[in-house]
Amino acid sequence: MTCPALRIVSATKRYGTLQALAGVDLEVAQGEFFGLLGPNGAGKTTLISALSGLVRPDGGIFEVMGHNVVTDYRNARRKLGVVPQELVFDPFFSVRELLRIQSGYFGIRGNDDWIDEILANLDLTAKAGANMRMLSGGMKRRVLVAQALVHRPPVIVLDEPTAGVDVELRQGLWQFIRKLNRDGHTIVLTTHYLEEAEALCGRIAMLKAGRVVALDTTENLLRRFASHALRVRLERPENASALGATLSDSGWAEFALERYEDVEPALARLREAGGRILEMRLGEADLERVFVEVMNRA
Amino acid sequence: MHEARLIGFRTLLYKEVLRFWKVGFQTVAAPVLNALLFLLIFSHVLDRHVTVYGDVAYTAFLVPGLVMMSLLQNAFANSSSSLIQSKITGNIIFVLLPPLSYREFYAAYVIASMLRGLFVGCGVLLVSFPFVDLPIAAPAWVLVFALIGGAILGSLGVIAGIWADKFDQLAGFQNFLIMPLTMLSGVFYSIHSLPQMWQDVSHINPFFFMIDGFRYGFFGQSDVSPWLSLGVVSVCFVLLAVLTLAMLARGYKLRA
């Protein structure tokens, strides 16, 4: 039986009065593309930091590919690559020097073939000899990804890797990460760009105040919390709430529907109430609405 | 597996050495120049007026003190500045994420500090040769005190670098602890020239024993027995090593 890529049992962590993790249980199977979502302060980064050894949890079990991150930390860390949230770099070294040094920390020498491959995939070959200080923010972000991959970890954790990154780079980065996932790497992603999580992740956990408040496949989450949305712009939007719709700041009233058959009754209610429709759209539910719904209920 | 650990440790050591070597003008050449200026000024003013241990010229007496002072200060500066820079810029995580043990972490930072101290010390010694005829009576003592002194200050640098959250806290550690202890340790004078009270005070300053023992290696004479100095500095090193390793094992200010 294969072990899970990540196993977290009853994880707790407190910083002073703040309960950052309040009993998190989570398993991520090998080869998954897994999303970890939550508002700021939900505990995502603490969870990742505890997995990678940057934070000492107060309680619970953390395992990477079956290796306990405390008692068998050397093997656990060899199996894990972490792309940190902050744009950090060592200003003393060139890109290639940094990647060679990072390989060495993991006990790997003569890693230039793999380093060249990573540099090529991240479009950094031309910058291999450049000092880190000379790189743009987007390039520094790509070097962070490269550093996380030098030791070929089977599990890769990306903590908001596309924050402040332009569209072109974001596309390139996801293409590469998808390829890694297809090659068998387990990917764990935290992001505030929910459309990215929706497009990429097969399964998602949502955290709030240090607890897992939703955990399911992306498809099930979308289905469970509202499959369709009827959006209408009304002549008198103030009537929308009385008809069971949610009124957005932009003036659109939104009816959450489970099936297409529910469209007609909703329109009928509008007609009966004398509501005059100026514009109408019918759309699929997106992860953003699911996220808001889950957070409100939790 | 054992080889992988060794590569990890050696890489961290290499990185720490490369870090100061890349800015060698600032980390090696500048302290050598500082020591040379001390030597020129003090020897010019005092050489004809002062002799020490009976017939040792003041300039000759001064050189081992300057060598050791530069060695100690730079060993401290290396580990402390590397760690605080890494903490403040956040790149310390690149050392914390890999499978390096806290013992390997400690050994790499301290050995790199010792190497920078030795580079600077050798530099000061080399530039002093044109000015002074310096005997080396017992090279083994010179080497032993240089190594243990570098290790003590390297350890202190690790402690300071981990403890300090801001550069001014580190500067406080350096200016209010390291600098007074080195300057008042007999670099520029023999403690026998001091009043009895200050001689007694000097005996509770471990830096005095580092410099006195180091100086014994050159002249075969010192203010106190080199064996006493060796005992004091060895105990200091063991205590600091235990304290530093305990901090690292707990992840104090490194792993929240």
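1. Confidence in chain B comes first: its mean pLDDT is 91, and 96% of its residues reach 70 or more. Here pLDDT is the predictor's confidence in each residue, on a scale from 0 to 100. For the complex, the predictor gives an ipTM of 0.88 and a pTM of 0.87.

2. A word on conventions. This is a predicted model, where local features need pLDDT of at least 70, side-chain atom pairs count only at pLDDT 80 or more, and totals for chains, interfaces and linings use all residues. Residues are numbered from 1 along each chain as its sequence is written, while chains are lettered from A and ligands numbered from 1 in the order in which they are written.

3. On to the interface. Chain B brings 22 residues to the contact and chain A brings 24 (two residues are in contact if their C-beta atoms, placed from the backbone, lie within 7 Å). On the chain B side, α1 (2-22) and α4 (93-96) each supply at least two residues, and α1(B) gives the largest share, with 9 residues. By class, that side of chain B has 11 nonpolar, 6 polar and 5 charged residues. Nonpolar here covers Ala, Val, Leu, Ile, Met, Phe, Trp, Tyr, Cys and Pro; charged covers Asp, Glu, Lys and Arg; the others, Gly among them, count as polar.

4. Now chain A as a whole. It holds 10 helices and 14 strands, taken as DSSP runs numbered from the N terminus (helices are H or I, at least four residues; strands are E, at least two). Its C-alpha trace spans about 75 × 45 × 40 Å along the principal axes. Chain A is divided into domain 1 (6-222) and domain 2 (226-285), with bounds from an automatic or database domain assignment. The C-alpha centres of these two domains lie 40 Å apart.

5. Please have a look at the open sheet of chain A, where 4 strands run in the order β2-β1-β4-β5 with antiparallel pairing (strands pair if DSSP finds at least two bridges between them). β2 (18-28) and β5 (67-68) of chain A stand at the edges with a single partner strand each, so one side of each has no neighbour in the sheet. Strand β1 (residues 6-15) of chain A pairs with β2(A) over 8 bridges, and R14(A) stands opposite Q19(A). Helix α1 (residues 44-52) of chain A packs on this sheet, touching β1, β2 and β4 (59-64) of chain A. The direction of that helix makes about 115° with that of β1(A), both axes being lines fitted to C-alpha atoms (for helices over the stretch in contact), with angles from 0 to 180 degrees between N-to-C directions.

6. How many of the residues of β7(A) are buried? The count is 5 of 5, so the strand is largely enclosed by the rest of the structure. Buried means 20 or more other C-beta atoms within 10 Å of a residue's own, exposed 12 or fewer, and partly exposed in between, with C-beta atoms placed from the backbone. V155(A), V157(A) and D159(A) cover one side, with I156(A) and L158(A) on the other. β7(A) pairs in the parallel sense with β6 (residues 80-83) of chain A over 4 bridges and with β8 (residues 186-190) of chain A over 5 bridges. V157(A) is the bridge partner of V82(A), and V155(A) stands opposite T186(A).

7. Last, D166(A), in the loop between β7 (155-159) and α6 (167-182) of chain A. D166(A) is exposed, with 11 other C-beta atoms within 10 Å.
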